[in-house]
Structure formats: structure tokens, C-alpha cells
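Work through the exercises below with the sequence and the coordinates side by side, and try each task before reading its solution.

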Amino acid sequence: MSLNSEQKHAIELALRQRRAAVLDELRSETHAEDGTMRLPTHRGEADDDVTSATDAVDMAQTLRDASELERIDAALARLPSAQFGVCVDCREDIGVERLQAEPTAVRCTACQIRYEKSHAPV
Ligand SMILES: [Zn+2]
């Protein structure tokens with residue numbers, strides 16, 4: 001673990017800011033006024049083509065935001081532990097610069113490239 005407490009603090013701030021931004025987006029996308037997350041589950045109600053297409057785009061965006069929120073929460077949960085900043089694949093330090101650029105990263109650059117190659121969208 002190569003992060004000092006100042007660096008950890010900066011990363012925590014960045015994660016919390018990003019989390020708030022994603023929550024805002026989710027809230028406006030799902031129109032939930034009480035702040036709870038409401039993923040669109042009502043399918044087949046709108047027969048109108050335009051509405052369905054818009055729904056699909058909203059849905060995809062909402063799912064992207066929801067999965068980003070999960071990664072942010074996971075990173076925040078890892079932050080106080082020795083697991084944070086350690087590559088899940090090779091157990092080496094991910095590197096401060098990479099973490100500052102991408103605080104939710106769970107792999108070092110080399111493992112991330114390998115992972116993306118082996119999980120490339122077909
Ligand atoms: Zn690695």
C-alpha cells in the first residue's frame with residue numbers, strides 16, 4: 001500500500017463528489033423524489049415506438065449510473081482497508097497516479113488491459 005493519508009483523503013473526496021453527481025443523475029432519471037433508487041421496471045406499458053426507444057436509452061443510462069454507483073460504493077468501502085489500491089489480479093500496488101485518475105480502479109494498468117482483452121465485447 002503506497003497511499004499516504006493525504007492521498008487517501010483526496011481520493012475519498014473525489015469519490016464522494018462523483019457519488020453525489022451520479023445520485024443526482026439517477027434521481028432525475030428515475031424521477032424518484034424521496035431519494036430512493038427506483039429502476040424502471042414497468043415494461044410493456046408504452047406501445048408508442050418513440051416512447052419505448054426513449055425508455056430504452058434512459059434505461060441504459062440508468063443502468064450505467066447504477067453500476068458506477070456500485071463501483072464507487074465498493075471503492076469507498078475498500079478505502080480504509082489495506083485492499084484499497086491493491087490490484088485484485090496480481091496483488092501489486094495499482095499506483096497513486098492511476099488511482100487519482102480513476103479512484104474506482106481495482107486493477108493495475110497491465111491487468112486492466114489484460115482483463116479488457118479477455119472480456120472484450122463481441
Ligand atoms: Zn495487476
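**Exercise 1.** How many aromatic pairs does the count come to?

*Solution.* The model is predicted, so local features need pLDDT of at least 70 and side-chain atom pairs count only at pLDDT 80 or more, while totals for chains, interfaces and linings use all residues. Residues are numbered from 1 along each chain as its sequence is written, and side-chain values use heavy atoms, with hydrogens and water left out. Rings of Phe, Tyr and Trp (its six-membered ring) pair if their centres lie within 6.5 Å, and planes under 30 degrees apart count as stacked, over 60 as edge-to-face and the rest as tilted; by this rule the count is zero.

**Exercise 2.** Identify the protein donors of the zinc ion and work out their geometry.

*Solution.* Begin with the N, O and S atoms within 2.8 Å of the metal (3.2 Å for Na, K and Ca), bearing in mind that water is not among the atoms, so sites may look incomplete. The SG atoms of Cys87, Cys90, Cys108 and Cys111 lie 2.3 Å from the zinc ion, and along the chain these donors follow the spacing C-x2-C-x17-C-x2-C. Next, because the four donor atoms subtend angles of 103 to 118 degrees, the arrangement is tetrahedral, a label that requires all angles to lie between 85 and 135 degrees.

**Exercise 3.** Is Cys111 buried or exposed?

*Solution.* Buried means under 20% relative accessible area, exposed over 50% and partly exposed in between (1.4 Å probe, protein chains only). Cys111, at 2% relative accessibility, therefore counts as buried, whereas Cys90, at 30%, is partly exposed.

Notes: Four donors count as tetrahedral if all angles lie between 85 and 135 degrees; four count as square planar and six as octahedral if opposite donors are over 155 degrees apart and all others between 65 and 115; anything else is irregular.
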